[in-house]
Amino acid sequence: MTTLMNTLTTTPLAPLLDRLFKEAAKATPATSPAMASLSAEERARLMRSKTDYLDFYGRLKDLPLPISRETGTLLYMLARSSRARTIVEFGTSFGISTLHLAAALRDNGGGRLITTEFEPSKVARARENLAAGGVIDLVEIRVGDALQTLSVDLPETVDLLLLDGAKALYPEVLKRVESRLRPGAFVVADNADYSPDYLAHVRAPSNGYLSTPFGGDVELSMRIG
Ligand SMILES: C[S@@+](CC[C@H](N)C(=O)[O-])C[C@H]1O[C@@H](n2cnc3c(N)ncnc32)[C@H](O)[C@@H]1O
């Protein structure tokens, strides 16, 4: 029997992720002074806004806001089972999702992960974490607004796209990557309920996806066209 490599569940990545998830659980928007002054309605409005996202995520710049542990495991599994070699990610933050995806690339034999984040302090923390996890050589962090950074120089084909930045931009970001998605490529969108336009796009059969809500907070789509 061939033993599969599993970077995700071994040192240094496994204890690093465990620590990062524990730290994230103590630093949520609910406990953040930056969010305390906003009503629930205002927060929901900002989450859906196509124009106020810089301000909103600027307030949240000290928070990791990661995917759940379950979504992290799902990302690793999807990237491995599809033998992904090229991955694009929207929303790096402290790099928790990036670590899962880069681990899958490592175990697939290598590849390229392009991720993007506009908060420089978050980029610095992500770099630190990716170095500590031993996967920084697989990752290119593009610093700036995804609407610009993902408009240029994308790989010919993309095997997996993770959408986890400003929710209202999901349709715009997908538009930039869509022509590169190979048949069978996965698109994972976290908290896509905040982007009805995105859900309408990936769920309309004529747009070339199979799509289903998954695990409560994820929309999982596969490119078929
Ligand atoms: C939910 S967090 C990402 C969490 C990360 N994927 C993880 O699981 O560790 C969203 C991040 O996207 C960044 N972001 C939001 N809109 C962006 C944009 N238009 N361009 C680049 N980064 C953006 C925010 O600053 C924030 O750090």
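Select the shell around the ligand. Its residues divide into twelve nonpolar, seven polar and four charged. Here Ala, Val, Leu, Ile, Met, Phe, Trp, Tyr, Cys and Pro count as nonpolar, Asp, Glu, Lys and Arg as charged, and the others, Gly among them, as polar. This is a predicted model, where local features need pLDDT of at least 70, side-chain atom pairs count only at pLDDT 80 or more, and totals for chains, interfaces and linings use all residues. Residues are numbered from 1 along each chain as its sequence is written, and side-chain values use heavy atoms, without hydrogens and water.

Next, pick out Gly91, Ser97, Glu117, Ala146 and Asp164. Of the 23 residues around the ligand, these come nearest. (A residue is near a molecule if one of its heavy atoms lies within 4 Å of it.)

Now look for polar contacts, which are pairs of N or O atoms within 3.5 Å.

- Asp164: an N or O atom of its side chain is 2.7 Å from a ligand nitrogen.
- Lys122: an N or O atom of its side chain is 2.9 Å from a ligand oxygen.
- Ile96: a polar backbone atom is 3.2 Å from a ligand oxygen.

How much of the ligand's accessible area does the protein cover? It covers 98% of the 610 Å² that the ligand has on its own, by the Shrake-Rupley method with a 1.4 Å probe.

Colour three elements: α4 (53–59), α6 (96–108) and β2 (112–117). Each gives two or more residues to the shell around the ligand. Helices (H or I, at least four residues) and strands (E, at least two) are DSSP runs, numbered from the N terminus.

Move to Tyr53 and Phe118. Their rings are stacked, 6.2 Å centre to centre with 15° between the planes. (Rings of Phe, Tyr and Trp, the last by its six-membered ring, pair if their centres lie within 6.5 Å; planes under 30 degrees apart count as stacked, over 60 as edge-to-face and the rest as tilted.) Tyr53 is in helix α4, while Phe118 is in the loop between β2 and α7 (120–132), 65 residues apart.

Finish with the backbone. Thr11 to Pro12 is a cis peptide bond, omega near 5°. Pro12 is in the segment before α1 (13–26).

Terms used. Polar contact = N/O pair within 3.5 Å; in protein donor to acceptor, adjacent residues only side chain to side chain.
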